[in-house]
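Hi there,

Here is the structure I promised to pass along. Please have a look at it first, and then read on for my notes.

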Amino acid sequence: MPTRSRRKAAEPAGAPVGPPVAERDPALLKRIHEVMVLTRAVEDRMVAMYKGGDLLGSLYTGHWHEAISVGAASTLRQDDYLAPIHRDLGAHLWRGMEPWQVMASFMGKATSPTGGRDGTLHYGRLDLNVYNLPSHIPANFPVATGMAFAAKYREQDRVCLAFCGDGSTSRADFHESLTMASVLKLPNVFVIENNQFAYSTPLRMQSNSETFAMKAVAYGIPGVTVDGTDALAVHDAVAAAVARARAGEGPSIVEGVTMRMHGHAEHDPADYVPKEMYDEWSTKDPVQLFENVLIEAGVLDADSAKQVREDARQAAIAARRKALADPMPDPSGIEDGVYAD
Ligand SMILES: Cc1ncc(C[n+]2csc(CCOP(=O)(O)OP(=O)(O)O)c2C)c(N)n1
């Protein structure tokens with residue numbers, strides 16, 4: 001069987017391109033960079049914590065997804081809705097989730113957003129308009145469609161952005177959500193994180209389409225494919241989709257092409273991934289690439305970039321310390337929130 005290890009990367013035709021870096025808001029650029037760096041630092045720390053036995057269950061990471069999760073989330077207003085997946089720590093951190101809350105969640109601590117009812121990543125922050133990840137994927141898509149429907153029905157000016165993986169596009173709830181969002185012109189943006197694998201299933205066994213974005217044609221909506229390691233390419237494409245949703249023109253698909261650089265979860269050695277793929281993609285670290293762009297444009301210098309990394313490392317260390325010290329839930333509250341009064 002022929003191998004099709006990587007789809008055509010960025011498809012410039014149709015993908016919106018924003019202004020040159022030097023003409024953009026430096027505060028926004030720096031914030032995107034800081035959150036990408038923080039995301040990497042927190043995940044690296046959690047990998048060490050997983051290996052050291054600090055965490056209860058599986059650990060899912062988003063290495064090489066930072067440009068997609070932060071690039072996309074940074075296009076929204078705080079009152080817009082977000083429905084992230086297991087690769088989107090960056091989107092959570094962008095919104096204001098605290099790194100210690102994420103660690104506390106993987107430890108089942110009472111202080112986690114679920115109060116310790118989940119030992120992994122089914123957390124959200126409703127106060128930040130970020131919804132909990134449902135375990136079945138992409139069950140966040142029907143939720144996102146419902147959120148967008150509610151916003152439209154209540155005549156609220158709110159967009160709902162949901163993420164899913166390449167494998168999730170094969171599920172019925174993907175099709176149902178896209179169909180409903182399209183015919184009702186709901187203010188949705190659907191971001192597909194094409195990271196080459198769905199657990200051990202490679203792209204060639206997932207879909208025969210050249211890109212995932214081209215599936216948009218079937219729903220009568222726009223779809224673009226961008227380089228998912230390029231934070232600004234993602235930001236620009238998602239910003240255009242958000243503007244369209246806000247204007248009442250309906251949903252769009254944005255596909256970001258990247259690579260899952262760790263196993264499906266940290267317990268997965270991912271022996272099924274050809275070494276050449278890792279070699280090829282290791283040169284496309286989204287955090288490093290964005291740092292290079294900002295230094296080249298004069299938005300950052302080498303010293304300040306180094307400081308951002310050190311600050312993120314210290315924040316991750318402090319977060320671990322707090323999460324470790326936090327209490328486990330009180331077993332007497334096991335039925336809280338289960339039954340209606
Ligand atoms: C309906 C359903 N089937 C299987 C799983 C187990 N599972 C969780 S993530 C995952 C892989 C998903 O692949 P993809 O959508 O490409 O996202 P990725 O993990 O690659 O980012 C699987 C099989 C699940 N959570 N839900």
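In which helix is the place of Ala302? Ala302 belongs to helix 11, which covers residues 302-325. Please keep in mind throughout that this is a predicted model.

**The chain as a whole**

The protein chain contains 11 helices and seven strands. Does its radius of gyration agree or disagree with that of a compact globule? It agrees: a compact globule of 341 residues would have a radius of gyration near 20 Å, and the protein chain has 19 Å. Along the principal axes, the C-alpha trace spans about 55 × 55 × 45 Å.

Of the 341 residues, 53% count as buried. The protein chain exposes about 14,800 Å², with carbon and sulfur atoms supplying 55% of that area. Taking contacts between residues at least 6 apart in sequence, 75% join residues that are at least 24 apart. As for charge, there are 34 positive and 44 negative charges, and their mean positions are 1 Å apart.

**The cysteines**

How many disulfides does a search of the whole structure find? The count is zero. Cys160 is in no disulfide, and the nearest cysteine sulfur to it, that of Cys164, is 13 Å away. Cys164 is likewise in no disulfide, with the sulfur of Cys160 as its nearest cysteine sulfur at 13 Å. A disulfide would need the two sulfur atoms within 2.5 Å. Cys160 has a relative accessible area of 0% and is therefore buried. The relative accessible area of Cys164 is 0% as well, so Cys164 is buried.

**Around Thr169**

Cys164 turns up again among the neighbours of Thr169. Thr169 sits in the loop that runs between strand 2 (160-165) and helix 6 (172-183). Is Thr169 buried or exposed? With 8% relative accessibility, Thr169 counts as buried. Setting aside residues up to four places away in sequence, Thr169 touches Cys164, Phe174, Ile192, Phe212 and Lys215.

**The loop between helix 1 and helix 2**

Two residues in this loop are worth a look. Leu59 is found between helix 1 and helix 2 (66-73), and its relative accessible area of 0% makes it buried. Which residues does Leu59 contact, leaving aside its neighbours within four places in sequence? They are Met46, Val47, Tyr50, Phe106, Ala265 and Glu266. Leu59 and Ile334 are 275 residues apart in sequence, yet their C-alpha atoms are 24 Å apart in space.

Trp64 lies in the loop between helix 1 and helix 2 too. Trp64 counts as buried because its relative accessibility is 9%, and a residue is buried under 20%. Its backbone brings me to the next topic.

**Backbone points to check**

Most residues other than glycine have a negative phi, and most peptide bonds are trans.

- Trp64 has a positive phi, near 80 degrees, and is not a glycine.
- Ala270 is not a glycine either, and its phi is positive at about 55 degrees. Ala270 lies in the loop between strand 7 (252-257) and helix 9 (275-281) and is buried, with a relative accessible area of 3%.
- Ile137 and Pro138 are joined by a cis peptide bond, with omega about -5 degrees. Pro138 is in the loop between helix 4 (99-106) and helix 5 (140-153).

**Before helix 1**

Finally, Ala22 is in the segment that precedes helix 1 (26-52). Is Ala22 buried or exposed? Its relative accessible area is 65%, so Ala22 is exposed. Between Ala22 and Ile221 there is a separation of 199 residues in sequence and 32 Å in space, C-alpha to C-alpha.

Technical notes
Residues numbered from 1 in each chain as written. Predicted model: local features only at pLDDT ≥ 70, side-chain atom pairs only at ≥ 80, totals over all residues. Heavy atoms only, no water. Helix = DSSP H or I, 4+ residues; strand = E, 2+ residues; numbered from the N terminus. Rg over C-alpha atoms; globule rule 2.2 N^0.38 Å. Buried < 20%, exposed > 50% of the residue type's maximum accessible area, 1.4 Å probe, protein only. Contact = heavy atoms within 4.5 Å. Areas by Shrake-Rupley, 256 points an atom, 1.4 Å probe, with all protein chains shown as cover. Lys, Arg positive; Asp, Glu negative; His and termini not counted. Charge placed at Lys NZ, Arg CZ, Asp CG, Glu CD.
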